[in-house]
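User: I would like to learn how to read the features of a model like this one, step by step. Please give the general idea each time, and then the case at hand.

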Amino acid sequence: MDIAASSGAEGRLRAALEASGHRHTAQRGAVYRYLRNVTTHPTADEIFTQVREVLPDISLATVYKALEAFVEAGLARKLSVGGGPARYDGRTEQHDHVRCLRCGIVRDVIGPHDSEMIRGLGSGDGFEIIDYRLELIGYCPACQS
Ligand SMILES: [Zn+2]
Ligand SMILES: [Zn+2]
């Protein structure tokens, strides 16, 4: 692993956490690195299972508190999808999701689409649109058979 690059990312994580009144810990660093490096939008349970492989002492409560701190610090997004457990996303810039109705996996929507057109849909009766969440639903390749 590139020590310099990882300490730079760790420094930014620390700065963002402290700016929003949260502590940086080694465990939070590990949770954040995992979340940033996956595209699966994992649940807290899934994150706990994976991070525990590296940090056997970490607890599920610590994972939950870390995730709450990241969301408050603007480092992660919490996705409430389909009535299932919340999923977490290490990408915070505007992007959209596709969700499988059978197994519940969530992936990023690939490819450009017209944000202005989508925002325009909501402004008919004077709403000022500041943001949107677009979710496509269907069946993932594994669930189609
Ligand atoms: Zn599926
Ligand atoms: Zn995403």
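User: Which side chains does E46 meet in a salt bridge?

Analyst: A salt bridge is a side-chain nitrogen of Lys or Arg within 4 Å of a carboxyl oxygen of Asp or Glu. In this predicted model, the side chain of E46 forms one with that of R87, at 3.9 Å from N to O. E46 belongs to helix α3 and R87 to strand β2 (residues 87-89), so the pair ties together parts that lie 41 residues apart in sequence. Helices (H or I, at least four residues) and strands (E, at least two) are DSSP runs, numbered from the N terminus.

User: What conventions apply to numbering and to the values?

Analyst: Residues are numbered from 1 along each chain as its sequence is written, and chains are lettered from A and ligands numbered from 1 in the order in which they are written. As the model is predicted, local features need pLDDT of at least 70 and side-chain atom pairs count only at pLDDT 80 or more, while totals for chains, interfaces and linings use all residues; side-chain values use heavy atoms, with hydrogens and water left out.

User: Is R87 buried or exposed?

Analyst: Buried means under 20% relative accessible area, exposed means over 50%, and partly exposed is in between (1.4 Å probe, protein chains only). R87 has 9% relative accessibility and therefore counts as buried.

User: How many salt bridges does the structure hold?

Analyst: The structure holds 7 salt bridges. One of them joins the side chains of E18 and R14 at 3.8 Å, N to O. Both residues lie in helix α1, 4 residues apart, which is about one turn of the helix. E18 is partly exposed at 46% relative accessible area, and R14 is partly exposed at 39%.
Another joins E93 and R91 at 2.9 Å, N to O. E93 is partly exposed, with 41% relative accessible area, and R91 is partly exposed at 31%. Salt bridges with shared partners join R91, E93 and D108 into one network.

User: How should I read the overall fold, and what pattern does the protein follow along the sequence?

Analyst: Start with the elements: there are 5 helices and 5 strands, in the order α-α-α-α-β-β-β-β-α-β. The C-alpha trace spans about 50 × 40 × 30 Å along its principal axes. A contact means heavy atoms within 4.5 Å. Of the contacts with a separation of 6 or more, 49% are between residues 24 or more positions apart. Buried residues make up 32% of the 145 residues.

User: In which sense does β3 pair with β4, and in which with β5?

Analyst: Two strands pair if DSSP finds at least two bridges between them. β3 (residues 97-100) and β4 (residues 106-108) pair in the antiparallel sense over 3 bridges, with R99 opposite V106. These two strands form a hairpin with 5 residues between them, and G104 in the turn has a positive phi of about 85°. β3 and β5 (residues 135-138) pair in the parallel sense over 4 bridges, with H97 opposite E135.

User: Which residues have the most contacts inside the largest nonpolar core?

Analyst: In soluble globular proteins, nonpolar side chains tend to be buried together. A nonpolar core is a set of buried Ala, Val, Leu, Ile, Met, Phe, Trp, Tyr and Cys residues joined through side-chain atoms within 4.5 Å. The largest one here has 20 residues, and those with the most contacts inside it are L17, V31, I47, V63, L67, F70 and L75. Two or more residues each come from α1 (3-19), α2 (26-37), α3 (44-54) and α4 (60-72). α4 gives the most, with 5 residues. Leaving out residues up to four places away in sequence, L67 touches V31, L35, A44, I47 and Y88.

User: Where does H22 lie, and what does H22 touch?

Analyst: H22 lies in the loop between α1 and α2. At 17% relative accessibility, H22 counts as buried. Not counting residues up to four places away in sequence, H22 touches L17, R28, A69 and E72.
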